[in-house]
Amino acid sequence: MTGLAVEGLSVAYGRRRVLHDVTVPRLLPGTLTALLGPNASGKSTLLRSIAGLKRPAAGRILVDGRPIEAMPLRERTRLVRYVPQVFAAAARLTVFDAVLVAARTAGAAGSGAAVAGRVEVILARTRIEHLAHRMICDLSGGQQQMVALAQGLVQPAPVLLLDEPTSALDLRHQLEALALLREVALADGHVAVVALHDLSLAARHADRVLLMGQGAVVADGSPAEVFADPICGRTYGVDLVAEISRRGTLMIDAALP
């Protein structure tokens, strides 16, 4: 089954080096990895590089043991699905049509009725079926973000990359979105990598945490391991305490030093 690994990845924008020798041992199918770190730590650049949208200066990205940069574009598109943070809010499309276009662009096969049925299923799974005939430009930011999630999952790839998919969502929809992503990854054997700012969401839903700071991976492990490491608080510039709630959930408390 497909896995994802990064070896010695360095990325620059002009003369400014953004990623420095990033190495990520194999991320396993059926798991959700939370990509954490302060603003400008390199999270989005790492996701864009894995998606093939930014050419590395050095290093390799391996999907199923093969360098992704050597793959034809069609194969890379089949293997890796990227949902960016910025959504095309001005699109003059209904929600249904936007997700349908995403399915076809991602290579969905079958009759028109079969693909439309797939769209209906993912709209129901993301609980936005009631928005199907609304124009995207008329939706709230949170609703648009749920549409982007539906676009990413309507024809899921073995590697799913999502850049802050919960940033505009209220608490309930944050929990629903992360639970759905974890369910999809586990049920279908996908590798899901999700950039997040909410540490408690990561602690609750992630199987693995990658913590980035200044363009490098500074911690890698289970949520309990990473949040117990003093480097986590230092990276964010806060005092962090990880505690188990009465429900048995790992919770993160942060305070200014």
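**Close-up views of a cavity and a pocket**

**View 1. The residues around the largest cavity.** Leu 4, Val 6, Val 24, Leu 27, Leu 35, Leu 46, Leu 47, Ile 50, Val 193 and Leu 210 line the largest cavity of this predicted model. Here a cavity is a set of points, on a 1 Å grid over the protein atoms alone, where a 1.4 Å probe fits but cannot get out, and lining residues have an atom within 4 Å of a point. Strand S1 (4–13), S2 and H1 each give two or more residues to this lining, and H1 brings the largest share, 3 residues. Helices (H or I, at least four residues) and strands (E, at least two) are DSSP runs, numbered from the N terminus.

In this model, local features need pLDDT of at least 70 and side-chain atom pairs 80 or more, while totals for chains, interfaces and linings use all residues. Residues are numbered from 1 along each chain as its sequence is written, and side-chain values use heavy atoms, with hydrogens and water left out.

**View 2. What kind of space is it?** The largest cavity has a volume of about 50 Å³. Its lining has 10 nonpolar, no polar and no charged residues (Ala, Val, Leu, Ile, Met, Phe, Trp, Tyr, Cys and Pro count as nonpolar, Asp, Glu, Lys and Arg as charged, and the others, Gly among them, as polar). A volume is the space filled by probe spheres set on the grid points, which are joined across faces, edges and corners.

**View 3. The second largest pocket.** A pocket is an open set with protein on both sides within 12 Å along at least five of seven lines. This one has a volume of about 210 Å³. Of its 14 lining residues, Val 18, Ala 40, Ser 41, Gly 42 and Thr 45 are the closest to the centre. Strand S2 (16–27) and helix H1 (43–50) each supply at least two lining residues.
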